[in-house]
Amino acid sequence: MASAAAELAARGARVVGQIVQRRGVSDGGVQKMGLPYSSRTLLSYGKVREVAQACEQANADAVIFVASLTERQRHALTTLLGCPAVSLPHILAAD
């Protein structure tokens with residue numbers, strides 16, 4: 001994530017936060033390790049809420065995901081987070 005933040009900063013972005021989804025850290029998380037990530041958002045519902053709150057507090061212009069996102073995922077995340085969601089590979093490919 002540090003290299004992704006550095007790459008974005010080199011392109012003029014202001015990185016205001018970094019959030020990692022870690023499964024298996026809590027007792028409840030360990031029980032859910034066998035479950036797949038949401039194909040709609042790549043995130044758990046709680047993590048979507050956490051990211052949306054961080055976006056609101058930072059007045060973020062966009063959310064950059066290190067993982068590739070499908071068009072459906074980008075649309076769902078943009079709606080849920082209240083700002084554009086894009087993937088780092090998409091940004092790098094645009095150059």
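Reply: Start with the fold. The chain has five helices and two strands. From the N terminus on, the order is α-α-α-β-α-β-α. Bear in mind that this is a predicted model.

Me: Why is Gln73 called buried?

Reply: Its relative accessible area is 7%. Buried means under 20%. The value of 7% falls under that cut-off, so Gln73 counts as buried. Gln73 sits in helix α4.

Me: What does Gln73 touch, leaving out residues up to four places away in sequence?

Reply: Gln73 touches Ser39, Arg40, Leu42 and Ser68. Contact here requires heavy atoms within 4.5 Å.

Me: Which other residues of α4 are buried, and what do the buried ones pack against?

Reply: Besides Gln73, the buried residues of α4 (residues 71-81) are Arg74, Ala76, Leu77 and Leu81. The buried residues of α4 pack against α3 (45-58), β1 (63-65), β2 (85-87) and α5 (88-94). After α4 comes Gly82, with a positive phi near 80°.

Me: What makes Arg74 and Glu71 a salt bridge?

Reply: Their closest N and O atoms are 2.8 Å apart. The cut-off is 4 Å between a side-chain nitrogen of Lys or Arg and a carboxyl oxygen of Asp or Glu. The distance of 2.8 Å is within 4 Å, so the pair qualifies. Both residues lie in helix α4, three residues apart, about one turn of the helix. An α-helix has 3.6 residues a turn, so residues three or four places apart point the same way.

Me: Is Glu71 buried or exposed, and how do you know?

Reply: Glu71 has 54% relative accessibility. Exposed means over 50%.

Me: How many salt bridges does the structure hold?

Reply: Three. Another of them joins Lys47 and Glu50, with closest N and O atoms 3.0 Å apart. Both residues lie in helix α3, three residues apart. Arg11 also pairs with Glu7, at 2.7 Å between the closest N and O atoms.

Me: What about Arg11 and Glu7: why are they called partly exposed?

Reply: Arg11 is at 37% relative accessibility. Glu7 has a relative accessible area of 30%. Both values lie between 20% and 50%, so both residues are partly exposed.

Me: What makes the nonpolar surface patch?

Reply: Met1, Val20 and Val66 make it, with an area of about 260 Å². Patch residues need over 30% relative accessible area and no salt bridge, and nonpolar side chains are joined within 5 Å. Val66 is in the loop between β1 and α4.

Me: What lines the largest pocket?

Reply: The lining has 31 residues, and Gly17, Gln18, Ile19, Val63 and Ile64 lie nearest the centre. The largest share of the lining, five residues, comes from α3. α1 (2-10), α3 and β1 each supply at least two residues. The space in this pocket is about 970 Å³.

Me: How much of the chain is buried overall?

Reply: Of the 95 residues, 26% count as buried. The accessible surface comes to about 6,500 Å², with 54% belonging to carbon and sulfur atoms.

Note on methods: Residues are numbered from 1 along each chain as its sequence is written. This is a predicted model: local features need pLDDT of at least 70, side-chain atom pairs count only at pLDDT 80 or more; totals for chains, interfaces and linings use all residues. Side-chain values use heavy atoms; hydrogens and water are left out. Buried means under 20% relative accessible area, exposed over 50%, partly exposed in between (1.4 Å probe, protein chains only). Helices (H or I, at least four residues) and strands (E, at least two) are DSSP runs, numbered from the N terminus. Patches are made of residues with over 30% relative accessible area and no salt bridge: like charges are joined within 9 Å, nonpolar side chains (Val, Leu, Ile, Met, Phe, Trp, Tyr) within 5 Å. Accessible areas come from the Shrake-Rupley method with a 1.4 Å probe; for residues, only the protein chains shown count as cover. On a 1 Å grid over the protein atoms alone, a cavity is a set of points where a 1.4 Å probe fits but cannot get out, and a pocket is an open set with protein on both sides within 12 Å along at least five of seven lines; lining residues have an atom within 4 Å of a point. Grid points are joined across faces, edges and corners, and a volume is the space filled by probe spheres set on the points.
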